[in-house]
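Subject: Structure handover

Dear colleague,

I am passing the structure on to you with this message, and my notes on what was found in it follow below.

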Amino acid sequence: MDARDLLAHDLGHGQVDDLDTAPPLSLLTVLSQRSGIELDRLRCMTIVGWVPWLLDSLDDQIPTALETYAFQCSVLLPRHKRKIRTVARWRAWLPRQPVDRACPICLNDPADQAILLAWKLPLMLSCPQHGCWLESYWGVPGRFLRWENTDPSPRAASEAITAMDRRTWQAMTTGYVELPRRRIHAGLWFRMLRTLLDELNTPLSTCGTYAGYIRHVWEGCGYPVRAGQSLWRPYETLDPAVRLQMLEAAATAIHLNESRVISPPGEHAKLFWSEPQTGFTNGLPVKERKQEPIDYGQEVVKVITEAVAEARHNPETARSLFALAAYGKRDPESLERLRDEFAKEGIPPEFLSHYEPDGPFTCRKISDWLSDEF
Ligand SMILES: [Zn+2]
């Protein structure tokens, strides 16, 4: 019995299309009862389970959604240099047409022909495990599959691409990304990446003296400026081939910025630079100064106190702190006790309503899992 038949005949659910996006709670509840897998874990196998980290909402009727998501960060251009756009019916990262791309090495594994849910979004160019390009295919993996490129040998992706995709993968699987300056929250990584994609698609005539940064990046990856686009459209609705060039340009921009070939004026560009050198010397030999020993216990207390203070008004910090405190705790009683302790510290309980005990995302698709488990 395949997933479609199982859903329609056994579980009374006729639509398989929404299974990976936003399956109804009633269906997930039945699946959870039948399989013994917790509801939270099942939710993480769907895109709605990635709200609010990967995207703010699945509602496509919010007129300011794009502005909120992609116009608050800045990397290549100063913030005021981009014209704020409003688009009807927009959702971050969700393309109009499904993306059918997969890793040829992963798909050759007879034991587990994995198609990750993340590959269904225009988010990564390479396989985080094998470092090769994701390739377009037709058909249904496991039953019938044909690669669009007739040569099936895997193509190694460039260092710039694998570096960007490793960070995206770290965001999806751990909830944070290690950048040279500091560790950032996964939510900020996805918004910064989406910002960068929009900056690379900004008409040069509106960029003034900053147009050079955009031009430099496009020259660096060997494609025409804005991947040849003349009209502005949001990234999600661009032609799939154009989106691939945009993502490659984003990887190139990060690489050029990180290696300080360019030093763009956006406030988030600095996250990719290592700490600035502090202290100047006058050329005379430096006298040895006695180092005070660091009291790590006191440092930890200070960090936690600061995090609790921030968590009182910042839902993201509250969730991260809760995830840290709940590490290894799976039973509802322990989690409830922890919620009470957080409430006593003045952290609003509604900040923790989306907490998933299994970490940010489980990256399998629910439709694959269904065919494996039943
Ligand atoms: Zn792979």
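A residue is called buried when its relative accessible area is under 20%, exposed when this is over 50%, and partly exposed in between (1.4 Å probe, protein chains only). By that definition both Cys 103 and Cys 106 are buried. Please keep in mind that this is a predicted model, in which local features need pLDDT of at least 70 and side-chain atom pairs count only at pLDDT 80 or more, while totals for chains, interfaces and linings use all residues. Residues are numbered from 1 along each chain as its sequence is written, and side-chain values use heavy atoms, with hydrogens and water left out.

Cys 103 (SG) and Cys 106 (SG) coordinate the zinc ion together with Cys 127 (SG) and His 130 (ND1), at 2.1 to 2.3 Å; donors are N, O and S atoms within 2.8 Å of the metal (3.2 Å for Na, K and Ca), and sites may look incomplete because water is not among the atoms. Along the sequence, the spacing of these donor residues reads C-x2-C-x20-C-x2-H. The arrangement is tetrahedral because the four donor atoms subtend angles of 106 to 113 degrees around the zinc ion, where the term requires all angles of four donors to lie between 85 and 135 degrees.

Thr 162 is also buried, because its relative accessibility is 11%. Leaving aside residues up to four places away in sequence, Thr 162 touches Ser 126, Gly 131 and Ala 157, contact meaning heavy atoms within 4.5 Å.

Best regards

Terms used
Tetrahedral: all angles 85-135°; square planar, octahedral: opposite > 155°, others 65-115°.
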